[in-house]
Structures are given as C-alpha cells and as structure tokens.
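Take a walk through this fold.

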Amino acid sequence: MAELTDDEISKLRELLEIEAIRHTKLLYSHLMDTARIDDLANIFTEDAVCEFAHYGNWEGRETIRKNYHAVEDDMQPFFAMHGTCNHLVELTGPDTATGRSYLYEPMTEKAADENPLIYLGVYDEEYRKVDGRWLISRCTLQFLWPERETSSDFPGTFPTRA
C-alpha cells in the first residue's frame, strides 16, 4: 500500500475536524432531548447567538442556558426528538466553520392517529474552535413548517463550494 500523500494527509485532517463539528451538532440534539440543559449550554461559545424566530434572539451562553431552561424544564426527556440530518459542514478557517442541517422534530407523546410533527426546519450554524473544542457560536433555526419563519436572506448561498 502506498504512503499517503501530503494532500491526502491534509484532507484527512480536514475530515477529522468536520467529524468533530458533526459530533458537536449531534450532541446538541442529544443533550436537548435528554433534558441536560446545562450541558447543552456548554457547547455554545460564551458570546454565542441563537436566532429562533418566535422564540427570539438569545445572546450569550448564560442567556441561552436560561432560555432553554424556560422552554424545556417542564418536559420529560424525549418528549420530542430533534432529528438533525444532512449536516453539511465547511471549514472557513483553522478555527471556524459553517454548517447547515435539517430538523425533523416529532413529538413522542402523540397518539398513533395524530400528526406527531412539531417542526420542520433548517439549522444554519457557525462554529468556533475554543481550547481545542468545536463549539456553536451562532445558531439560526429557519422554521419551514407548520409556519414559515425564515430570515430575509434564506436560503442564502450555503454551501459556498458546490
């Protein structure tokens, strides 16, 4: 087997970073669904911004923590499932990246003959590497269903490399 080229090693390093970012995004859904809100808040940068349409804009980790507690504290673990998929990630620098993923959020306590969907949406996110760990620095949720609530520039030009 031939040794890896410098280009292949560089691409592998890029893939390792992308996989670490995807892990952060999967952790976001898991922590929310298991009601571990304090742990959830800790995957955001101190100066993070969340833009959640009718839930408002949340600025800073402590505001994010407080607001997630306000929304989620009365809910049982896995009351809903934040299924995220199609996570496309682009590194924009050695310590920055952007990502987009789809949200399918069914509620688990609906009867079999009821529509379980709460939301369909698209997450647009910015990530920043802090002390060797990828964190979310901006999270924008574009709601597509049941009501369309999107930013004026949605869908934008993501991804930038096609």
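The paragraphs below cover aromatic pairs, a charge over rings, a surface patch and strand pairing.

This is a predicted model: local features need pLDDT of at least 70, side-chain atom pairs count only at pLDDT 80 or more, and totals for chains, interfaces and linings use all residues. Residues are numbered from 1 along each chain as its sequence is written, and side-chain values use heavy atoms, with hydrogens and water left out.

Start with the rings. Rings of Phe, Tyr and Trp (its six-membered ring) pair if their centres lie within 6.5 Å; planes under 30 degrees apart count as stacked, over 60 as edge-to-face and the rest as tilted. The count is eight aromatic pairs. In one of them, the ring centres of Tyr28 and Phe44 are 6.2 Å apart and the planes stand at 70°, so this pair is edge-to-face. Tyr28 belongs to helix H1 (residues 6-33) and Phe44 to strand S1 (residues 44-51), so the contact ties together parts 16 residues apart in sequence. Helices (H or I, at least four residues) and strands (E, at least two) are DSSP runs, numbered from the N terminus. Both Tyr28 and Phe44 are buried. Buried means under 20% relative accessible area, exposed over 50%, partly exposed in between (1.4 Å probe, protein chains only).

Tyr55 and Phe143 form a tilted pair, at 6.4 Å centre to centre and 40° between the planes. Tyr55 lies in the loop between S1 and strand S2 (57-59), Phe143 in strand S6 (residues 133-145), and 88 residues separate them. Tyr55 is partly exposed at 36% relative accessible area. Phe143 is buried at 2%.

Ring pairs also link Tyr28, Phe44, Phe52, Trp58, Tyr68 and Tyr123 into a cluster. What sits over the ring of Tyr28? The charged end of Lys25 does, 4.3 Å from the ring centre. The charged end of Lys25 also sits over the ring of Tyr123, 3.3 Å from its centre. The rule: NZ of Lys or CZ of Arg is within 6 Å of the ring centre and within 35 degrees of the ring normal.

Now the strands. Two strands pair if DSSP finds at least two bridges between them. Strand S4 (residues 96-106) and strand S5 (residues 117-130) run antiparallel, joined by eleven bridges. Tyr104 stands opposite Leu120 in S5. Eleven bridges also join S5 to S6, again antiparallel. Here Glu126 stands opposite Arg138 in S6. S5 and S6 form a hairpin with two residues between them. In that turn, Asp131 has a positive phi of about 50°.
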